[in-house]
Amino acid sequence: MDLAYIPSPSHGVLYLGPVPLRGYAFCIIIGVFVAVWYGNRRWVARGGRSGTVADIAVWAVPFGLVGGRLYHVITDYQLYFGEGRDWVDAFKIWEGGLGIWGAIALGAVGAWIGCRRRGIPLPAYADALAPGIALAQAIGRWGNWFNQELYGRATDLPWAVKITSVDGGRVPGTYHPTFLYESLWCIGVALLVIWADRRFKLGHGRAFALYVAAYCAGRAWIEYMRVDEAHHILGLRLNVWTAIIVFVLAVAYIVVSARLRPGREEIVEPAAAEDDGITGSDSADADSADAGSTDTAAAGAGSGKGLRKSPGKTGKD
C-alpha cells in the first residue's frame, strides 16, 4: 500500500462555460511570462532598453513553439502517422508534446530576426534570457503533470507520482516523477547561470552556452529514467544522444569563445547607449579617466598629500 505519493489531477482541463482552460497551456504561458520578465531585468542591467526583450520575444516565442512541435512530431511520428492514427492530432499542441531542442533551435531563428531588426547582437540577448529560459522550462514541465506524462520507472518512493489514466497505453501505478526531477534541475541550472554570470562576467553567448550545457547534463540522466515510447540508437534513447551531442557543442563554444572574444560586451543595445550619450570611444575614455584618477589618488596617498575634507563638510554632503 502506498502511504505517500504525488497525486495526479483527474483531468488537465477546466471549463469556464464553453471555454476550456488547459493546465498544460497555462504552464507554458506562465513560463514564457517569467522568462521575458526576468530577461528584461537582466537586459536593462546590461544597459539595454526596457521592453526590448518582449519585442524580440514576439518573434522568438512563435518560432519556438513551432520548432518544439516540429521536433516532437518528427521524432515521434508514429504517434500521428500510421494505421489507426489521425494526422490532425499533430496540430493539437495543447495535448502535450514540445521538444525543447526544436524550440530552442527555431526560437533562436526568431530571436535572430528580432535582434537584426533592432540592431542588437544575438549572443548578448541570449545571455540575458538564458536563466529565464531555464525557469520557464521548470514551470512548463508541470504541464506534463497535468497531462499525466513524462514519468519514469515504477517506484514506491514517497515522492512518486501516481498515474491514474489508461489513455495511450498507460498503466496506473506510482512512478518516478521525471517531470519533477527536470523541473528542479532547471531551477538549479538557472541559479548556476546567474551565479557564474556575476562571478565571471560571461559575455558573447557564453552564459547561454552554460545554460545549454548544464541543462543537457541533467536531461541525459533524466531521459534515461523515462519509460515512455521513444526511438533508440545503440541502446540509448534519441534524446539522450541529442543531449550528449549538444552538451559537447556547448562546452566547445564556451572554450573557443573565451579565447577569441574574452570579456563581455560593453554595449548591448546601441540605441540605448545613444540615449545615454555613450559610445564605444566614450566608454574607453571613461575607463582611461577612471584609471588615471586611481593612479593620481594612489600617488597622493603615497606622498601623504591625499585630498582632505573641507572644514564644515560631512559624509552626508
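Visitor: Which residues of helix H3 are buried, and how should I read that word?

Guide: Buried means under 20% relative accessible area, exposed means over 50%, and partly exposed lies in between, with a 1.4 Å probe and protein chains only. In H3, the buried residues are Ile 100, Trp 101, Gly 102, Ala 103, Gly 107, Gly 110, Ala 111, Gly 114 and Cys 115. Please keep in mind that this is a predicted model, in which local features need pLDDT of at least 70 and side-chain atom pairs count only at pLDDT 80 or more, while totals for chains, interfaces and linings use all residues. Residues are numbered from 1 along each chain as its sequence is written, and side-chain values use heavy atoms, with hydrogens and water left out.

Visitor: What do the buried residues of H3 pack against?

Guide: Contact means heavy atoms within 4.5 Å, and the names of elements come from DSSP runs, numbered from the N terminus, with helices (H or I) of at least four residues and strands (E) of at least two. By that reading, the buried residues of H3 pack against H2, helix H4 (122-140), H7 and H8.

Visitor: How do I read the span of a helix such as H3?

Guide: The expected span is 1.5 Å times one less than the number of residues. The 19 residues of H3 should therefore span 27 Å, and its end C-alpha atoms are 26 Å apart, which agrees. Helix H8 (residues 238-260), with 23 residues, reaches 33 Å from its first C-alpha to its last, close to the 33 Å expected.

Visitor: Which residues of H8 are buried, and what do they pack against?

Guide: In H8 the buried residues are Asn 239, Val 240, Thr 242, Ala 243, Ala 250 and Ser 257, and they pack against helix H2 (52-75), helix H3 (100-118), helix H7 (206-225) and strand S6 (236-237). Ile 245, which also lies in H8, counts as partly exposed because its relative accessibility is 49%.

Visitor: How do helix H1 and H2 cross?

Guide: Axes are lines fitted to C-alpha atoms, for helices over the stretch in contact, and the angles run from 0 to 180 degrees between N-to-C directions. The axes of H1 (residues 23-45) and H2 come within 10 Å and cross at roughly 145°. As for handedness, a crossing is left-handed if the near helix is turned anticlockwise from the far one by less than a right angle, and right-handed if clockwise; H1 passes H2 in a right-handed crossing.

Visitor: Which residues of H1 and H2 meet there?

Guide: From H1 come Ile 28, Val 32, Val 36, Gly 39, Asn 40 and Trp 43, and they meet Thr 52, Val 53, Ala 54, Ala 57, Val 61 and Leu 65 in H2. The residues of this contact divide into 9 nonpolar, 3 polar and no charged, where Ala, Val, Leu, Ile, Met, Phe, Trp, Tyr, Cys and Pro count as nonpolar, Asp, Glu, Lys and Arg as charged, and the others, Gly among them, as polar.

Visitor: Is Cys 27 buried or exposed, and what is it in contact with?

Guide: Cys 27, which lies in H1, counts as buried because its relative accessibility is 8%. Leaving aside neighbours within four places in sequence, Cys 27 is in contact with Ile 139, Gly 140, Trp 142, Gly 143 and Phe 146.

Visitor: How do strands S1 and S2 pair?

Guide: Two strands pair if DSSP finds at least two bridges between them. Strand S1 (residues 13-16) and strand S2 (residues 19-22) pair in the antiparallel sense over 4 bridges; Tyr 15 stands opposite Pro 20 in S2, and the bridge partner of Leu 16 in S2 is Val 19. Their hairpin has 2 residues between the strands, and Gly 17 takes a positive phi near 70° there.

Visitor: Where else should I look for a positive phi?

Guide: Most residues other than glycine have a negative phi. Gln 148, however, has a positive phi near 55°; it is found in the loop between helix H5 (142-146) and strand S3 (161-163), and it is buried because its relative accessible area is 5%. Lys 201 has a positive phi near 50° and sits in the loop between helix H6 (178-200) and H7, where it counts as partly exposed at 49% relative accessibility. A glycine case is Gly 119, which follows H3 and has a positive phi near 70°.
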